[in-house]
Amino acid sequence: MTGDINRGGRDMRAIAQGLFTDETPPRLIGGKDRQTGRIVFPCPSTMTHEPVALSREGTLWSYTVQRFRPKSPPYAGPEAFAPWVVAYVELPGEVIVEARLDDVAFEDVMVGMPVLFQPGLLDFSDPASALVPAFVPVRVSAELVA
Amino acid sequence: MSDVCIVGIGIHKFGRTDGLSGLDQGVHAVREAMADAGIDWPQVQFAYGSSDAAGNPDTMVDRLGLTGVQFINVRNGCAAGGSALFSAQMAIKSGEFDLGLAVGFDKHPRGAFNALPAEYNLPDWYGEVGQMVTTQFFAAKIMRYMSLFGISQKSLGLVAEKAFRNAVHAPHAWRRQPVALEEILEAPLVSDPYTKYMFCSPAEGGVALILASEKKARELGKPLIRLKAATMRTRPPHSFEVFAPSVDVVADDTRPRPTASRIASADAFTASGIGPGDIDVAQLQDTEAGAEIMHMAENGFCADGEQEQWLAEGRTEIGGALPVNTDGGCLACGEPIGASGLRQVYENVVQLRGDGGGRQVPGDPRTAYSHVYGAPGVSAVTILER
């Protein structure tokens, strides 16, 4: 389902400006502190931080499963709720980012597993919904590419 | 500098009290604390009040008396109550005042806390994608800790089981029915690895503490419960906190991250000249079961990973070597943010006075420790001595 997102041809959009690079496939944009060199995500003001494209590959640093629908506002996802994996992904030498982990059975999620950046739909049932920061297990991603 | 003593305590039952505002519950606690101290409102020289969602605390002067008293409102995430107490003791330590009030109350809607990104200087999308949820952080923090230090889900269950069992004997607690370990472990997951019994709920309640200089405490003829240390700290570099879209990469990530709690705790032990091994009873922030486990180590009571054995041996039970959360903590009392940190100190005073009834720590405890943690990385610690 998420495999064709990066192939273009549909009118899809990031949930906010400045999150993803324009490449295909895209990367997350972090911010490198112009004074200290510390990398954070998302990129704060470009006055203080230099935007940097982050690594696509990382490992799962920690995670949980969001089992109830968050309150709206601020949550803008669909009314019909399905649980998802909240992941913290370590991008080696750069930063650990919080994002969704898609295309994985909850019982297969393990700290340390390799993952790949791949934006996901805010609403899985609506191909036109906004794209949000997400990763997928490396194995699944490889199958989709093949 | 004068030692600061706690000479009066008051509480409004935690939980849900329809028909009473958060402020009403705070006023109830203040009146009870004043009666306990044997003083009247005009004697109160200053107040610090904390409330997160129930309005400005200083508006309670309308109810207590328009004496012109100095009254400062405190908001500091879940550490608001601890911050109010910290500020109040500074006012006495400075020599400026010798009798004052720290009060906290709150009244939250049912369900999870509903924070908005802008309140934490985060972009709107962070909330839109469903990441503005405190429980995600707490679950992710324990998930990593469990993988690093071999803590089992059963230990999470043991903490929750103890909380509800202790609360049976705490009149101010909310959930006072024991829950069997099996039921806790087999309940629906809220945010893995936590089941619904392993998270506290937003709640209502009020707590008030009357603080006095030692000289004033002696005049009032109260037993001297000394506040030997009160510290409040914000987060150090590389910490992992609530509402963190990113976390620093560190060279050696096999140990727990530095936290505001670690430095607030270390500073409190240094300031008081009391060590972790000298503490007779502790109230540790337990907004979820794993927090109590991680905070045992962050506050210096055990090494990372030892908690598994401590819990198996019952060392944090009321009759154990270090009783923890003797009134059931946040798990059983719920969390009215403004009041929660002050409840811990209230409970410690009860224990040091020997007034704990069915939950009284045996052996005539003389030292008591409290610790509160809040977003986005604030922590407050107190050490009391009788």
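Helices here are DSSP runs of H or I with at least four residues, strands are runs of E with at least two, and both are numbered from the N terminus. The UniProt record, an unreviewed entry, annotates residues 258–383 of chain B as "domain: Thiolase C-terminal". Positions from UniProt are given in the numbering used here, feature names are shortened, and annotations may be inferred rather than shown by experiment.

The model is a predicted one, in which local features need pLDDT of at least 70 and side-chain atom pairs count only at pLDDT 80 or more, while totals for chains, interfaces and linings use all residues. Residues are numbered from 1 along each chain as its sequence is written, and chains are lettered from A and ligands numbered from 1 in the order in which they are written.

I turn to the domains of chain B. The assignment, which is automatic or from a database, gives domain 1 (4–110 + 204–227) and domain 2 (129–200 + 228–385). Their C-alpha centres lie 24 Å apart. The contact between them takes 37 residues from domain 1 of chain B and 32 residues from domain 2 of chain B; a contact requires that the C-beta atoms of two residues, placed from the backbone, lie within 7 Å. On the domain 1 side, helix 3 of chain B gives the most, with 7 residues. That side divides into 18 nonpolar, 13 polar and 6 charged residues. Ala, Val, Leu, Ile, Met, Phe, Trp, Tyr, Cys and Pro count as nonpolar, Asp, Glu, Lys and Arg as charged, and the others, Gly among them, as polar.

Helix 3 of chain B also meets helix 13 (residues 337–353) of chain B: their axes come within 5 Å and cross at roughly 60°. Axes are lines fitted to C-alpha atoms, for helices over the stretch in contact, and angles run from 0 to 180 degrees between N-to-C directions. Among the residues that meet are Gly81(B) and Leu85(B) in helix 3 and Gly338(B) and Val345(B) in helix 13. This contact has 6 nonpolar, 5 polar and no charged residues.

Next, the sheet. Chain B has an open sheet of 9 strands in the order 3-2-4-7-1-8-12-11-10, with mixed pairing; strands pair if DSSP finds at least two bridges between them. Strand 3 (70–74) and strand 10 (281–284) of chain B are the edge strands, each pairing on one side only. Direction ignored, neighbouring strands are turned by 20° against each other on average. Strands 1 and 8 of chain B run antiparallel and are joined by 2 bridges, with Leu227(B) in strand 8 as the bridge partner of Val4(B). Helix 9 (residues 260–272) of chain B packs on the sheet, and its direction makes about 150° with that of strand 8 of chain B.

Finally, the contact between the chains takes 31 residues from chain B and 33 residues from chain A. On the chain B side, helix 5 gives the most, with 6 residues. That side has 17 nonpolar, 9 polar and 5 charged residues. Strand 6 (residues 95–101) of chain A and strand 9 of chain B run antiparallel, joined by 3 bridges; the partner of Val97(A) in strand 9 of chain B is Ser246(B).
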